[in-house]
Amino acid sequence: MNRFSNTKKDKSFIYRLILPLLLFVAIVLIFLNSLGGLQEQNVQQQQEALHNALNKSIIHSYATYGFYPPSLNFIKERYQLNFNENLFYVDYQPLGANIIPDVTIIVLNN
């Protein structure tokens with residue numbers, strides 16, 4: 001047995017190549033995860049803004065015309081309400097001329 005021979009494995013390869021590569025992959029995964037969270041928060045804010053705009057238009061219509069809007073198209077035309085119909089489905093159910101309609105907003109693609 002030769003005492004002067006180097007029988008230990010070279011660990012510098014691990015530290016110089018594999019460790020930085022793993023660190024880079026971890027940073028990319030954390031970045032992509034945070035982008036997904038931002039997108040979800042953005043959709044929630046858009047949904048809340050759409051809900052507020054619908055409620056404001058419904059109440060304004062009742063105050064101005066004396067009746068709640070008979071359809072969602074009435075609101076779109078009179079109040080220029082625009083929203084992404086590929087992202088949100090709005091279920092507008094009028095209950096009567098003097099009863100506030102039932103409005104449900106569903107996120108289609110998140």
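## Exercises along helix α1

L38 is exposed, with a relative accessible area of 53%. Keep in mind as you work that this is a predicted model.

**Exercise 1.** Find where L38 sits and which surface patch includes it.

*Solution.* Start with the fold: L38 is found in helix α1. Next, check its exposure: exposed means over 50% relative accessible area, so L38 at 53% counts as exposed. Finally, look at the surface around it: L38 belongs to a nonpolar patch together with L21, F24, V25, V28, L29, F31, L32 and L35. Together, the residues of this patch have about 870 Å² of accessible area.

**Exercise 2.** Decide whether S57 is buried or exposed, and list what it touches beyond its sequence neighbours.

*Solution.* Then apply the cut-off: buried means under 20% relative accessible area, so S57, at 8%, is buried. Last, set aside residues up to four places away in sequence; S57 then touches I75 and Y79.

**Exercise 3.** Work out how S61 is placed and which backbone oxygen its side chain reaches.

*Solution.* Begin with the helix: S61 lies in α1, which covers residues 12-65. Now turn to accessibility: the value for S61 is 0%, so this residue is buried. To finish, look closely at F67: the side chain of S61 reaches the backbone oxygen of F67 at 3.3 Å.

How values were computed. Residues numbered from 1 in each chain as written. Predicted model: local features only at pLDDT ≥ 70, side-chain atom pairs only at ≥ 80, totals over all residues. Heavy atoms only, no water. Helix = DSSP H or I, 4+ residues; strand = E, 2+ residues; numbered from the N terminus. Buried < 20%, exposed > 50% of the residue type's maximum accessible area, 1.4 Å probe, protein only. Polar contact = N/O pair within 3.5 Å; in protein donor to acceptor, adjacent residues only side chain to side chain. Patch = residues over 30% accessible without salt bridge, like charges linked within 9 Å, V, L, I, M, F, W, Y side chains within 5 Å. Areas by Shrake-Rupley, 256 points an atom, 1.4 Å probe, with all protein chains shown as cover. Salt bridge = Lys/Arg side-chain N within 4 Å of Asp/Glu carboxyl O. Contact = heavy atoms within 4.5 Å.
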